[in-house]
Amino acid sequence: MQSARIISRPVKGDGGIREKEAARRFVHVLADSSDKLSSVCSILEQQFAVAGERLDAEAKLSQVPFAIVIRAELRDVHIIAAIKKRAAKLAKATKRIFLVEHSSHMSISQAYALGATLVLPGTIDKIKLLAALADPAEEASASSSDARQPDNAVETAATAIASMFTAVTLGEPLDIDGTKEAGRQIADRITQHGLSEWLMTVRRHHEGTYQHCLLVTGVAIDFGLSLGVGRPDLARLYTAAMFHDIGKARIPLAILDKPGRLEPEERAMIETHPAAGYDFLKDHDKISPEILDAVRHHHEFLDGSGYPDGLCAENIGDIVRILTISDIFAALIEHRHYKPTMPRPEAYNILCGMSGKLEKALVASFKHVALTR
């Protein structure tokens with residue numbers, strides 16, 4: 001085994017910084033090669049106190065960092081094992097950012113399963129990496145474990161979604177109970193802290209399909225709470241929301257996360273995901289018919305113009321109607337690096353303009369969720 005290369009660099013500037021502030025700006029970098037380690041450290045050292053080490057060495061840095069940045073090949077079982085050995089330190093960092101070179105469901109799912117709070121796939125983007133580390137609200141809470149506690153529901157849910165996508169990709173058993181438990185934690189979180197706080201936290205930590213699934217689940221839960229549904233119905237709703245896009249695990253990320261308009265063949269591929277999700281879940285004993293219905297039909301419209309089955313109003317159930325509104329709203333307000341986040345009032349106005357496609361009474365009831373909660 002190659003000897004460790006440890007890098008330790010103070011933040012550059014025209015004077016010292018106080019110890020407490022330094023702790024808030026300390027970033028620990030882990031990488032599987034010296035070149036990767038140096039490239040990440042060189043980006044960060046202008047703004048942060050940086051220390052780093054290679055993953056093929058014993059962990060020697062004892063100070064708890066504000067953030068950990070990992071750049072490594074997550075298809076290598078030895079690298080994964082090395083990261084798991086550092087799980088205790090990972091868990092104490094406010095931010096755990098994984099730089100994943102291969103933009104695949106497998107790599108991104110693996111990163112979240114290892115404890116990532118944010119995954120940045122593809123070539124390193126200096127601006128995005130620094131922006132992810134420079135969130136002042138996160139910095140302010142870095143030294144307090146109590147302040148970090150509310151993010152546990154986000155991390156649990158993201159890990160559940162990662163596990164779900166991995167199971168589909170590899171044909172492994174699905175952890176249905178774990179996914180339902182993650183949905184329950186989101187429901188508890190939103191009951192205590194509200195929808196706006198959930199949306200803000202999710203958008204700060206996640207992008208792409210994972211962000212969307214977390215946003216839809218939060219919006220659907222808050223919609224259900226605002227409608228006064230009972231606990232069993234709320235459980236069905238958040239379970240349907242957690243699983244609704246599982247079929248997207250069969251679609252390349254290059255299409256799912258493509259900026260701009262999709263080509264007709266790409267759109268056709270996207271539209272296979274409800275049926276694909278249904279087919280994957282239909283033989284699982286713990287998935288109820290209502291959940292299967294929601295997974296297959298969350299893109300159906302009352303006027304029969306949706307997909308995959310072109311259902312009309314009388315054949316579309318209540319959970320599906322609620323989930324469809326939540327799904328559209330979440331898609332409109334999610335954060336994408338290539339476009340500004342749509343304001344919630346504007347997104348609600350779009351829902352109001354979908355006359356004949358969505359249940360008018362439900363859209364009216366959704367106004368409070370969309371604008372004020």
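User: Which helices each supply at least two residues of the lining of the largest pocket?
Analyst: Happy to start there: this is a predicted model, where local features need pLDDT of at least 70 and side-chain atom pairs count only at pLDDT 80 or more, while totals for chains, interfaces and linings use all residues. Residues are numbered from 1 along each chain as its sequence is written, and side-chain values use heavy atoms, leaving out hydrogens and water. Helices are DSSP runs of H or I with at least four residues, numbered from the N terminus. Those that each give at least two lining residues are H12, H14 (253-256), H15 (264-270) and H18.

User: Which helix gives the largest share of the lining of the largest pocket?
Analyst: A pocket is an open set of points on a 1 Å grid over the protein atoms alone, where a 1.4 Å probe fits and protein lies on both sides within 12 Å along at least five of seven lines; lining residues have an atom within 4 Å of a point. This pocket has 25 lining residues, with Leu256, Leu262, Arg267, Ala331 and Arg336 nearest its centre. The largest share is four residues, and the helix supplying them is H18.

User: How much space lies in the largest pocket?
Analyst: Grid points are joined across faces, edges and corners, and a volume is the space filled by probe spheres set on the points. For the largest pocket, that comes to about 760 Å³.

User: Why is the pair of Phe329 and Phe366 edge-to-face?
Analyst: Phe329 lies in helix H18 (residues 318-333), so its pair with Phe366 in H20 ties together parts 37 residues apart in sequence. The ring centres are 5.0 Å apart, and the pair is edge-to-face because the planes stand at 80 degrees.

User: Is Phe329 buried or exposed?
Analyst: Buried means under 20% relative accessible area and exposed over 50%, with partly exposed in between (1.4 Å probe, protein chains only). Phe329 has 0% relative accessibility, so it counts as buried.

User: Which ring does the charged end of Arg296 sit over?
Analyst: The criterion is NZ of Lys or CZ of Arg within 6 Å of the ring centre and within 35 degrees of the ring normal. The charged end of Arg296 is 5.0 Å from the centre of the ring of Tyr278.

Key:
Phe/Tyr/Trp six-rings, centres within 6.5 Å; stacked < 30°, edge-to-face > 60°.
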